[in-house]
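Subject: Structure handover

Hello,

Please find the structure below, with its sequence. My notes on it follow.

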Amino acid sequence: MLVVLAVLAACAIGFWRLRVTHDFFDLKIYMSAVRWWGDGHELYDYAQPDRVQGALYFTYPPFAALLLFPFGLLPLGVTQALFTLGTVAAVVVTTYWLLAPLARKQGWPVWFAVAVAVPLVLLIEPLRETITFGQINMLLILLIMMDLLVLGPRGSKWTGVGIGVATALKLIPGLFIVYLLVTRQWRAAFTAMGAAAAVTLVAAAIAPRASWDFWTGALWDTARVGRLDYTGNQSLQGLLARLVAPEQPAKWVWLLLALAVLAFGMWRAARAGLAGDPVTGLALTGLLSGLISPITWPHHLYWFVPAIVALLAAATQSTGGRRSGWLAFAAGVYAVCVIGVVSLVDWGVAAVPTDTPGLFLARNAYVLLSLALVAFLPVRPGPWDYLTSRTV
């Protein structure tokens, strides 16, 4: 218990010192947008000035707006508390799903492993940004992981519903439907497609005008999502944009690079899933979603967490130098995630190129780390071999 309290105290101090005071900026945009919508305005006409991006809009599908609408009726402080508590609760649950099999296989007390890990997870920049911006990312991650680590291994007929709902909320989780297909989880894949279509159609029935505006206009307006070259954009397109700023990167270069990374990464994710290593498959697919998305903010990159767990699992199955290597790799990934890319440096608003090796590494740390993990994350059934054979 003293170890748990010491880790909790150290991480609390670290969180306080490293956090950037965003004052629930994104959550306030959500709430202002749905209130604007509730007052009779068009949802996707809402815009809020921003010093970096110029203007920020509500960019999620209408289903997300409907889900957020009731929170707009509450006092802002209550909504902020609910979102924060929800994020922390989701971290506890997902950390348990990731670590419990490994802890049991190694003979560690599950409660101790989870109690030590949760503060460490909350300390990394993607979670600091999620909490201080008031983001909804952990809800999506909870839905995805419920399918891949809980329902799927048990053979549940409901496997895929979570991924489908997450896709209807934010689109990019749709890559996990591709993961279900390449790992031959046909029923789950079609369930996910059906769930995504169903809730999207329900949203269209409730909010036809907003749905029309989103699917025919707002979705395709790239100016709404933000500046590509901003350091916070840790996608392949962001890396390319920072190389040539203030010019725009050639779309065909990005498209070819993204397709090549996607093909290689999904091949590795398929190998992991088919080999009985769902955690590595989960991590690889999540990292790929961040790489190929036009804009990927740090709060989107929770996927380093399952990648670290996969590296720790590989270390427990190795000896000597290989064991030390996997542990060092895991420690390096964690260190980069704690330091982050935007917490310690204010990169300003100027569109300037990354013209030195140091700037290239600092401004693209998550992109480069994601590429390294996609290439080298080990595929090992490990502690999850018994999990994948479970039935209800």
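R184 counts as exposed because its relative accessibility is 56%; exposed means over 50% relative accessible area, buried under 20%, and partly exposed in between (1.4 Å probe, protein chains only). R184 sits in the loop between α9 and α10 (186-206), and has a positive phi of about 60 degrees although it is not a glycine. Helices here are DSSP runs (H or I, at least four residues), numbered from the N terminus.

Please keep in mind that this is a predicted model, in which local features need pLDDT of at least 70 and side-chain atom pairs count only at pLDDT 80 or more, while totals for chains, interfaces and linings use all residues. Residues are numbered from 1 along each chain as its sequence is written, and side-chain values use heavy atoms, with hydrogens and water left out.

F24 is another residue that is not a glycine and has a positive phi, of about 55 degrees. F24 is in the loop between α1 (2-18) and α2 (25-38), and counts as buried because its relative accessibility is 17%.

Next, the core. The largest nonpolar core has 116 residues; such a core is a set of buried Ala, Val, Leu, Ile, Met, Phe, Trp, Tyr and Cys residues joined through side-chain atoms within 4.5 Å. Helix α15 (residues 304-316) gives this core its largest share, 10 residues. F58, L98, L282, Y302, F304 and L373 have the most contacts inside the core. Leaving aside neighbours within four places in sequence, L373 is in contact (heavy atoms within 4.5 Å) with R268, L284, L287, F304, A307, L311, F329 and V333.

V374 belongs to helix α18 (residues 365-376). V374 counts as buried because its relative accessibility is 2%. With the neighbours within four places again left aside, V374 touches F264, G265, R268, L284, L287, L288 and L291. Of these, L291 is 83 residues away from V374 in sequence, yet their C-alpha atoms are 10.0 Å apart.

Helix α13 (residues 251-274) has 24 residues and spans 34 Å from its first C-alpha to its last, close to the expected 34 Å; the expected span is 1.5 Å times one less than the number of residues. Its buried residues include W254, G265 and R268. Among the elements that cover the buried residues of α13 are α9 (175-182), α12 (236-244), α14 (278-292) and α18. In the loop between α12 and α13 lies P246, and the peptide bond from A245 to P246 is cis, with omega near 5 degrees. After α13 comes G276, with a positive phi near 85 degrees.

How many disulfides are there? The count is 0, where a disulfide is a pair of cysteine sulfur atoms within 2.5 Å. The sulfur of C337 is 14 Å from the closest cysteine sulfur, that of C11, so the two are too far apart for a bond. C11 counts as buried because its relative accessibility is 7%, and C337 because its value is 0%.

Last, the second largest pocket holds about 390 Å³ of space. Its lining has 19 residues, of which L99, A117, L120, I308 and L312 are the closest to the centre. A pocket is an open set of points on a 1 Å grid over the protein atoms alone, where a 1.4 Å probe fits, with protein on both sides within 12 Å along at least five of seven lines; lining residues have an atom within 4 Å of a point. The volume is the space filled by probe spheres set on the points, which are joined across faces, edges and corners. Helix α5 gives the most to this lining, with 6 residues.

Regards

Key
Helix = DSSP H or I, 4+ residues; strand = E, 2+ residues; numbered from the N terminus.
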